[in-house]
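Subject: Structure handover

Hello,

Here is the structure I promised you. Please open it first, then read my notes below.

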Amino acid sequence: MLTTNSKNIPSIIIVVIALGAILAGGFALVGGFDIKNANHRQNNSAANEGAKTKAVQPVTECYESRETYGAVTRIENVVPQYGYPNIKCSKTTAGVLWYGDPFDGTIPMGTMPEINDSTHGDFTNAVVRPREPHLTYFNMGPNGCVTCHDGKTVPFPKDKKPRLITMHTDIVADSTQLKHGRGAMWCLDCHSATNRNKLVDRQGNEISFNQPQRLCGTCHGNVYIDWRAGIHGKRIGTWAVGGKKRWWVCTECHNPHTVQVNRFDQIKAESPPPLPRGMTSANYE
Amino acid sequence: MSEEIIKTNIEADGVKQGRRDFLKNVGIASAAALVASPASVEASAGSANPDAGITVAESLQGHFVLMSDQEKKTAIERLEKRYTAQYGKKTTVSDVPAPKGVLFGYALNISKCIGCRRCVHACVQENNQSRDNPEIQWIQVMKIPKGNFSFAADKLDTGYPKSSKLGDYGVQVGGNAYTAVGGLSPEEVQNYYPQDEAVPDKNYFYVPVQCQQCEKPPCVKACPVRATFRDPNGVVVIDYNWCIGCRMCQLACPYGARRFNWGEPNIPPEEMNPKTHYFGNRPRMRGVMEKCTFCLQRTREGRNPACLEACPVGARKFGNLLDPTSDVRKIIATKKVFRFKEEMSTYPKFFYFIG
């Protein structure tokens, strides 16, 4: 297959170049066509060829559930027994399709509080992909958000009154219109005022960004119970009860800053199935 | 094969042939096929014959379930050797038996499904489906408009049979013969929505359909050679080498879950999954049926199916129906659950739920 491709590519390039030259000639005849544009056209076609050969290479920068949450990188030969990469991604959307090693890059979920219900959340073998290492803006270093929010560079806020914030508009476009809680919520209801690397619950306890469920669950109790029971949310790994599973936490799917608009942000669909033989469109299917 | 020869003959001549010519060609073609068949099974992988990869010994082997342990071992070694040579990487064909005390069940949340089709393509990656010519996908995602049982004044009058001089007959609440109420008319279902579409569309809901792993599978009843059967975990599997390609099971299946290899499957060697199971994802031949097996090469060893792991919203749940603490049993106990085409009495182990 590869050999035929390598044979075909030069001929295709020749044909494209010839076409480009013919087109250029035609345009030149019609209205004083600049030869530079013709060159540009040829360069474009060459770039297209390059893109085609690149498309054979697997996609390496992918995302799981939320496109803006952070990239997952494909690493080759994570499972040497079968030559599996850690993930395989879609060539069209860069969504993660397939896990060679479902526990790649995960850490234990940590202790979860017992709640008095019948769900019996089984967290002994639960692992999560940690979020805290990704709390970086502008490659600012290991201190994370505290690099700026240290009380001096940016002073700690005195109260929880909503105000217009000019920073971080990529997260919240208009802070007076926060799309969570229908006007009843403010940033500091979830983010710690004095330690920006942590979340904070209503009692003032600091909560790690790796365990946002402990914060979200304080308001969204019914979903939290379903999540603990294994009904809501995603988990991969073994199917057996009590087996090792990677759990998806709340913010891996939901964007808490815009959740009121979209519970789950729209993503691009993968390619459709082949049409039945003899059909050229699905218009009258 | 003979059909293809005839087709090419007709195309080459460029004229429509008479019935006598047609019959003559059938005779010639079938005779040619008969003469060619011993040669074709022995031919090497490089030849033009699409069935070339299959050796004589493989085509003569018996039903896998009825084989002795020694025969199974030989058959698997033969397959591993062939796949390793064909795809240029070490391929393992496992025959891990079904775990005891397990009945596999699946639950899918249609209020969560966003129709991104990642499950479809994860399945293709995992189960070595043919990528093009023929392109085979085991899961199909239906996009269905959201309906509503509206009792608004302007809709109350629609959908009833027109009154005639004989009087008003028939009671029909909403919808009519052409437009069903609730948006569940099969004419409204879209299976081929384009790949760049942003999903989910708020006016639609999405229902992925794959093999429902029925407790009373009509496909098993239809198979004349028992190449497809229900395994101890309740998964309907196929012995691809025993399948004769009659496609009776495809007709029998009410869910459209079975796929037929119309041509020699095309799997790029770099994308081929080398961890296979005899009844699961090992590469198929031309002319055999295939379908979802709940990824039994994974699930028999304790791992979740590939479609579940790919789902970005966590709409898919898999587990042991005999374990009351499993996710699937909890869903059946607490959520609104339905089975697809329940009226067919196939008793699927694939449950759709809301909530």
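How many salt bridges are counted between chain B and chain A? The count is two. A salt bridge here is a side-chain nitrogen of Lys or Arg within 4 Å of a carboxyl oxygen of Asp or Glu. Asp226(A) forms a salt bridge with Lys335(B), with the closest N and O atoms 2.6 Å apart.

Some ground rules. This is a predicted model, where local features need pLDDT of at least 70 and side-chain atom pairs count only at pLDDT 80 or more, while totals for chains, interfaces and linings use all residues. Residues are numbered from 1 along each chain as its sequence is written, chains are lettered from A and ligands numbered from 1 in the order in which they are written, and side-chain values use heavy atoms, with hydrogens and water left out.

**The interface**

Chain B gives 59 residues to the contact and chain A gives 48. Contact means heavy atoms within 4.5 Å. The area buried between the two chains is about 4,600 Å², and carbon and sulfur atoms give 52% of it. Buried area is the accessible area (1.4 Å probe) that two parts lose on being put together, summed over both. Arg118(B), Tyr192(B) and Gln195(B) supply 17% of the area that chain B buries against chain A, more than any other three residues.

**The core**

The largest nonpolar core has 69 residues. Such a core is a set of buried Ala, Val, Leu, Ile, Met, Phe, Trp, Tyr and Cys residues joined through side-chain atoms within 4.5 Å. Buried means under 20% relative accessible area (1.4 Å probe, protein chains only). Val207(B) and Phe294(B) touch the most other members. Apart from this core lies another, of 13 residues, including Cys243(B) and Met289(B).

Most residues other than glycine have a negative phi, and most peptide bonds are trans. Look at these exceptions.

- A cis peptide bond joins Asn133(B) and Pro134(B), with omega about 0°.
- Another cis peptide bond joins Val199(B) and Pro200(B), again with omega about 0°.
- Asn128(B) has a positive phi, near 55°. Asn128(B) counts as buried, because its relative accessibility is 1%.
- Cys295(B) also has a positive phi, about 50°. Cys295(B) is buried too, with a relative accessible area of 5%.

Best wishes

Methods. Buried < 20%, exposed > 50% of the residue type's maximum accessible area, 1.4 Å probe, protein only.
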